Amino acid sequence: MLVSEILAIKGKVLFTIGPGRSVAEAVEIMNEQDVGSLVVFSGGRMTGMLTFREVLQAVQRGGADWQALSVEDVMVRDPFAASPNMEMDELRRLMVEHHQRYLPVMDEHILLGVVSFHDVAKAVLEEQSFENRMLKNYIRNWPEAEEGEQPGK
């Protein structure tokens, strides 16, 4: 399965924020939209990612004033990105090796979407379910062996 197929299953809704906005505003958007990441855009291009991990680090680092920190101060700059033609196994390896639960999907310089570890797990389950149904259907319709012929020959 390709990353582009995972995006097709998930949909391509994106939630973005500007680097000058506050972490408090980012948290509000993340809660309202029920998402774990925001793509940081500046000047029409992706400059970073903000996930709940960076928000928690900002809370720890900023103490009582964490809400006033800017997104730019805490975001992941130039995050690793997946390509739409990347195989799912390669995507999983990239996510695990770089400890990223969210990866932007880029086609050259165009942001196509964000894939989460949850999206990958859901795609794996759907793919396995499809294969399981196909195998059961194949077994159910197994051809009868001709008389005198051994099954499977």
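Is Arg 140 buried or exposed? Select Arg 140 and show its surface. Arg 140 is exposed: its relative accessible area is 62%, and a residue counts as exposed over 50%. Keep in mind that this is a predicted model.

**Stop 1: along helix α6**

Stay on Arg 140, which is found in helix α6. Arg 140 and Ala 123 are 17 residues apart in sequence. In space, 26 Å lies between them, C-alpha to C-alpha.

**Stop 2: the sheet**

Switch to a cartoon view. Look for an open sheet of four strands, in the order β1-β2-β3-β4. Its pairing is mixed. Colour β1 (16-17) and β4 (76-77) next. These two stand at the edges, and each has a single partner strand, so one side of each is left without a neighbour in the sheet.

Move to β1 and strand β2 (residues 37-42). They pair in the parallel sense, over two bridges. Which residue in β2 is the bridge partner of Ile 17? Select Val 40: that is the partner.

**Stop 3: helices on the sheet**

Select residues 23-33. This is helix α2, which packs on the sheet and touches β1, β2 and β3 (45-51). The direction of helix α2 makes about 130° with that of β2.

Then select residues 52-62, helix α3. Helix α3 also packs on the sheet, where it touches β3 and β4. Its direction makes about 65° with that of β3.

**Stop 4: the largest pocket**

Rolling a probe the size of a water molecule over the atoms shows where empty space is left. The largest pocket holds about 370 Å³ of space. Which residues are closest to its centre? Select Lys 10, Val 35, Val 114, Ser 116 and Asp 119; they are the closest of the 20 residues that line this pocket.

Now colour the elements around it. α1 (3-10), β2, β6 (110-116) and α6 (117-140) each give at least two residues to the lining. By class, the lining of the largest pocket has eleven nonpolar residues, five polar and four charged.

**Stop 5: the second largest pocket**

How much volume does the second largest pocket have? The value is about 220 Å³. To find this pocket, select its lining: Phe 41, Gly 44, Arg 45, Met 46, Asp 78, Ala 81, Met 106, Glu 108, His 109 and Leu 111. Colour them by class. Five are nonpolar, two are polar and three are charged.

Terms used
Residues numbered from 1 in each chain as written. Predicted model: local features only at pLDDT ≥ 70, side-chain atom pairs only at ≥ 80, totals over all residues. Heavy atoms only, no water. Pairing = 2+ DSSP bridges. Contact = heavy atoms within 4.5 Å. Axes fitted to C-alpha atoms, helices over the stretch in contact; angles between N-to-C directions. 1 Å grid on protein atoms, 1.4 Å probe; cavity = no way out; pocket = protein on both sides within 12 Å on 5 of 7 lines; lining within 4 Å. Points joined across faces, edges and corners; volume = space filled by probe spheres on them. Nonpolar A, V, L, I, M, F, W, Y, C, P; charged D, E, K, R; others polar. Buried < 20%, exposed > 50% of the residue type's maximum accessible area, 1.4 Å probe, protein only.
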